[in-house]
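Dear colleague,

I am handing over the structure we spoke about, together with some notes for someone who is opening it for the first time. Please have a look at it before you read on.

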Amino acid sequence: MKLLPLACSTLALAVGLAVAAPRPTPLPVRAHTGWTPLAAAGAQRAPAQTRFDRFIVQYRPGAASATSQARVVDHAAAAVSRAGLKAAGGKTLRMRAVRRTAAGSQVLASSRPLDGAETSRLLAAFAADPQVAWVQPDYMKYPLAAVPNDPRYADLQWDMHHPFGGVRAPAAWALNAGRDMVVAVIDTGYVPHRDLSANLLPGYDFISWYGQTVDGTLYPDIAGDGNGRDSDARDRGDWTDASMDGWCGSRTSSSWHGTHVAGTVAAVANNGIGIAGLAHAAKVQPVRALGHCGGTTSDIVDAIVWASGGNVPGVPANPTPADVLNLSLGAAVRCTQDPATQAAIDDALARGVTVVVAAGNAGIDAVSFSPASCAGVITVGATDVDGGKAGYSNYGQVVALSAPGGGGFGPEQTGFVWSTGNSGTTTPVASPGGDVLLGMVGTSMAAPHVAAVAAMMQAAALANGHDPLTPGQMRAVLKGTARPFPLPPAASQSIGVGIVDAGAAVAAAAEGYDEAAIAVPLGNRTPTSGVAGGAREDALFKFTVAAGTRQLQLRSYGGQGNVALYVARDRVPTTASYDRVSSNPGNTESVAFSNPAPGTYYLRLSSPTLYRNLSVIAVAQ
């Protein structure tokens, strides 16, 4: 699967970083081809993929193909034969074993791209084999963002302090700015920049496709650096031109997307130039997985595993595993069709690493995007300067909360989110001459605000002697402390519970995790839908029972998984201490009370495995 940055603005102003200058002289205005104007923001640069030449196969334990590369090729050839697929000229279509992923899946490449119908036949042929646990295309994913412009905290960084659209950064900075935390930005890599470089850690380049010829077949040059995976995570530019028309969908200038995302997280503060990153006491680990035309799922899943501290064959161990992962990228495919990405995310969550992802910029339900619809992640929608839903932002039940993504009123630059970038239109211009600030718009810009807040929360919890927050607790506190939207979105286009409030979230983490304070309120007879979580990631709800209530029923239903309900009055239940419990196979659970005493009833939804798309409801009468 090919993944792209989720992009949506077009005009970008590039302005030099002037030291202690109140108003630096603007450089020439630069338009980036392939972007829509801000006034028409909403175009999605991640169209549904229709041709596939790479596939990921997970064999069942004990299958011969799970351990033998030779058997993999034979097994793939048999699937091709059953699917009746041919190469050009009627010859047999060939499948090549590329490598195994960190999760043990096998990546295969076909000798020519397959269209949708052919892909379906091949997948069905693989899936019918009892040796195969699952199979999927190696989708391309893309950055979820927009493009460039100028400096200064007070007048340009509205996203940090604007009364309606900002994240209330100063209140968080008074407590902790993310000291000793690491945020991995899995993206296009980085360009050296004097307002960012001091806060960067060594990263890694996971792009494995670099225009090599194998068995007479020339593969796309996604990397653009002349080699495959290595320890150099620098962004060589992700521009597209006529020479790439055969494998890219459009022609654009380089975005410097990863550098922009990294600057939002941790641009250097108090240095007399440029801007201040939200978690400016933290460090960013750049992990390069996107290049020309985006990046492959198989590269991105290995990047997720490595960044979170897992082992990737052939890659040195990560000496500074991340506390938080930011994925401002995605593809127009449901996560249920992308098990490789879900498996990598599960791997990161199991190590206690919080995973923050962008919702996408198509203005549709984010359930149709991966990793936005994956279980256990914190999916972030985008708001504009006024604190309302940005028109381009994806929405839906999988979106946990929102953050500034840009858009709104006034001249073009008013609505941009400003961060670090480069003046090069293709390859980077060397620092400091190429250092600029870029104004971009997109959910790619929203996600790193939440990733930065998560880093500050973890730093505050540890600094005050508390246990580190688990990914589930992080999600609960972020949602529980979010502030209401100044301009609430339509009920049919929900972008979460509110806008991330950095000050409130960091303060809550500094005081210690308090589930009662962040339990999600239930309305009477109004279901809360889209409930999802990873293994052992509990969800907590509360319902207030008035005096005179004759019956109370708390229920869960629908979705996938196997959950149990634990209920207690006026205290938060645990799986060991509760008043009532319902633990049946599946997700249909119910706890009932006759003549319940008035008070607050807390409901813990718990599962030893993944669960998703559940509904929870309270019915009182």
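**Disulfides, a pocket and a helix**

If the bonded cysteines of the protein are numbered in sequence order, they pair as 1-2, 3-4. Please keep in mind throughout that this is a predicted model, and that a search of the whole structure finds two disulfides in it.

The pair formed by Cys248 and Cys293 has its sulfur atoms 1.2 Å apart.

In the pair formed by Cys335 and Cys374, the sulfur atoms are 2.0 Å apart. The torsion about the S-S bond of Cys335 and Cys374 is about 90°, so this disulfide is right-handed. It links distant parts of the chain, 39 residues apart, with Cys335 in the loop between β16 (329–330) and α8 (339–350) and Cys374 in the loop between β17 (354–358) and β18 (378–383). Both Cys335 and Cys374 are buried.

Turning to the open spaces, the largest pocket holds about 1200 Å³ of space. It is lined by 47 residues, of which Arg475, Lys479, Val520, Ala532 and Ala539 are the closest to its centre. Several elements each supply at least two residues of this lining, namely α8, β19 (399–404), α10 (471–481), α12 (515–518), β22 (520–521), β23 (528–533) and β24 (539–545). Which of them gives the largest share of the lining of the largest pocket? That is α10, from which seven residues come. Sorted by class, the lining of the largest pocket consists of 26 nonpolar, 13 polar and eight charged residues.

Finally, there is helix α7, which spans residues 297–307 and is mostly covered, with 11 of its 11 residues buried. Among these buried residues of α7 are Asp299 and Asp302, as well as Ile300, Val301, Ile304, Val305 and Trp306. Just after α7, Gly309 takes a positive phi of about 100°.

With best wishes

Methods: Residues are numbered from 1 along each chain as its sequence is written. This is a predicted model: local features need pLDDT of at least 70, side-chain atom pairs count only at pLDDT 80 or more; totals for chains, interfaces and linings use all residues. Side-chain values use heavy atoms; hydrogens and water are left out. A disulfide is a pair of cysteine sulfur atoms within 2.5 Å. Helices (H or I, at least four residues) and strands (E, at least two) are DSSP runs, numbered from the N terminus. Buried means under 20% relative accessible area, exposed over 50%, partly exposed in between (1.4 Å probe, protein chains only). On a 1 Å grid over the protein atoms alone, a cavity is a set of points where a 1.4 Å probe fits but cannot get out, and a pocket is an open set with protein on both sides within 12 Å along at least five of seven lines; lining residues have an atom within 4 Å of a point. Grid points are joined across faces, edges and corners, and a volume is the space filled by probe spheres set on the points. Ala, Val, Leu, Ile, Met, Phe, Trp, Tyr, Cys and Pro count as nonpolar, Asp, Glu, Lys and Arg as charged, and the others, Gly among them, as polar.
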